[in-house]
Amino acid sequence: MGRGFLPVVMKPLLMALLFISASLAGCTVSEDSTSGEVEAIFSFEPTKNIRSGEDVEFDGGASLPPGSSLTYKWDFDNDGDYDETGRTATWSYPDSGSYDVTLTVSDSITSDTQTRTINIIDADAEEPNADAGSDAPMSDCEGENVNSGSFYLAYICEMDRSLSSKNILATTTITLDGSDSEAGGTGEYISTWDWDLDLERDEDGDGDYTNDADLTGETVDWKEVKPGEYKIALTVTNGAGLSNTDETTVYVNYVGTWNDFSIAGNTSNSPVDIDFNFPVTQEQDSGNTIRWAKGELVYLKEDGDCTNVPGTNNCRAKLDLYGFNSTDEEAGNTSAIGLDQRQSGDCDSDTDCVIFSLSGSYHFSEGNWKDGEWTMTLRNEKVNDLDIESMTIRLVYK
């Protein structure tokens, strides 16, 4: 009996074990399961100028871990009771004021909450009108007339630089004026002027890339601005809590000139170089894009101290400009310009002129030599030392 009873008991047990093993074969834990840290994250739309009675759409879909089976509970009035459930929800507020909204998410084991403040304004409140202003000088560095427009334009002019400093490091101050902004309704006022100087960054994390308060005030001085093109925005908020944003562009051009100097001669079978260093920015994403970098060279055709070797014209000067990018790759030069083709610009009968242009859309583009710290090299391959009337570098963003 003992031997006959054992198979009767073991057979169902063995069958059950085989069934469980078969059901688990090939099973793995999904990466989208509830493993991972639980974090409540939500957004809402609209993000500003929300009026009483207006529907606000809330979305907790950014909560972590992604793809997991989370539960979502919403408290829209900070009373401790849940008002809605689900990943998305819609809510409206009958009265103006500030309300704390809390989302609680859970994976059935761990829970997390996020609370954000939402500002509701009166339904009949009037929106202000932001005006970021504009400004431009009457003339450029050489006294030529300048066209103004709905932008800020400034020039950094260093018209008599010393050869002891050949790096372009100058900055300027831009005065930003939002005084033409309007508050909105009768008797209304503007409570804040917030200037966002970098529209590529959302520093306050509110999802709006145009309203960071890098500078505050109706009229502000933006200091230490380098040559470049800058997209900025002014956001004004009135006493009713309504806000409005105006975007504009700030252009800063540069002109630097080195006057009356000389360059040594090539006496050891090596050209003599004088390097001028300058920064250029070509960032399509941020809209900070240089148009041109130009070198303009004016030098005497003949060295006054030179004596011609019979049968030669070794006193006839020839100087050239070379462009090198931040990794010292040569992007071009003027050596192919013939002596009879050097009479443009400010030349007279005693001087030659060489103009070397580097295009923002070509030379400084990501597909070619890129932007960064560039070098404009003045090169003398002649034996004689030569006199230069002027060397000018222009960085043109507008």
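Predicted model: local features only at pLDDT ≥ 70, side-chain atom pairs only at ≥ 80, totals over all residues.
## Aromatic pairs

Let's start with the rings. The model contains 14 aromatic pairs. Take Phe42 and Trp74: their ring centres are 5.4 Å apart and their planes meet at 80 degrees, so this pair is edge-to-face, given that angles over 60 degrees fall in that class. The two residues bring together distant parts of the chain, being 32 residues apart. Phe42 belongs to the loop between helix 1 (2-24) and strand 1 (43-45), while Trp74 is part of strand 4 (residues 71-75). Phe42 has a relative accessible area of 4% and is therefore buried, and Trp74, with 0% relative accessibility, is buried as well.

A second pair worth a look is Tyr362 with Trp369, again edge-to-face, with 5.7 Å from centre to centre and 80 degrees between the planes. Here the two partners fall into separate accessibility classes: Tyr362 is partly exposed at 41%, whereas Trp369 is buried at 19%, a value under the 20% cut-off for burial.

## An aromatic cluster

## Charges over rings

Some rings have a charged neighbour over the face. The charged end of Lys294 is placed over the ring of Trp292, at 5.4 Å from the ring centre. Arg379 does likewise with Tyr322, lying over its face at 4.2 Å from the centre of the ring.

## Salt bridges

Arg379 turns up again here, as the model has 11 salt bridges and one of them joins Arg379 to Asp273, with 2.8 Å between the closest N and O atoms. This bridge also spans distant parts of the chain: Asp273 is in strand 16 (residues 272-280) and Arg379 in strand 23 (residues 372-380), 106 residues apart. Arg379 is buried, with 17% relative accessibility, while Asp273 is partly exposed at 35%.

Other bridges include the one between Lys231 and Glu229, with an N to O distance of 3.3 Å. In that pair Lys231 is partly exposed, at 30%, and Glu229 is buried, at 8%. Asp320 and Lys318 are also bridged through their side chains, at 2.7 Å from N to O. Asp320 is buried with 4% relative accessibility, and Lys318 is partly exposed with 25%. Finally, Glu142, Glu296 and Arg394 make up one network, joined by salt bridges that share partners.

Where does Thr235 sit in the fold? Thr235 lies in strand 14 (residues 228-238). Is Thr235 buried or exposed? Its relative accessibility is 5%, so Thr235 counts as buried.

Thr235 has a polar partner too: its side chain makes a polar contact with the side chain of Thr245, at 2.8 Å. Beyond its neighbours within four places in sequence, Thr235 touches Thr192, Trp193 and Asp194, as well as Thr210 and Asn211.

Conventions: Residues numbered from 1 in each chain as written. Heavy atoms only, no water. Phe/Tyr/Trp six-rings, centres within 6.5 Å; stacked < 30°, edge-to-face > 60°. Helix = DSSP H or I, 4+ residues; strand = E, 2+ residues; numbered from the N terminus. Buried < 20%, exposed > 50% of the residue type's maximum accessible area, 1.4 Å probe, protein only. Lys NZ or Arg CZ within 6 Å of the ring centre and 35° of its normal. Polar contact = N/O pair within 3.5 Å; in protein donor to acceptor, adjacent residues only side chain to side chain. Contact = heavy atoms within 4.5 Å. Salt bridge = Lys/Arg side-chain N within 4 Å of Asp/Glu carboxyl O.
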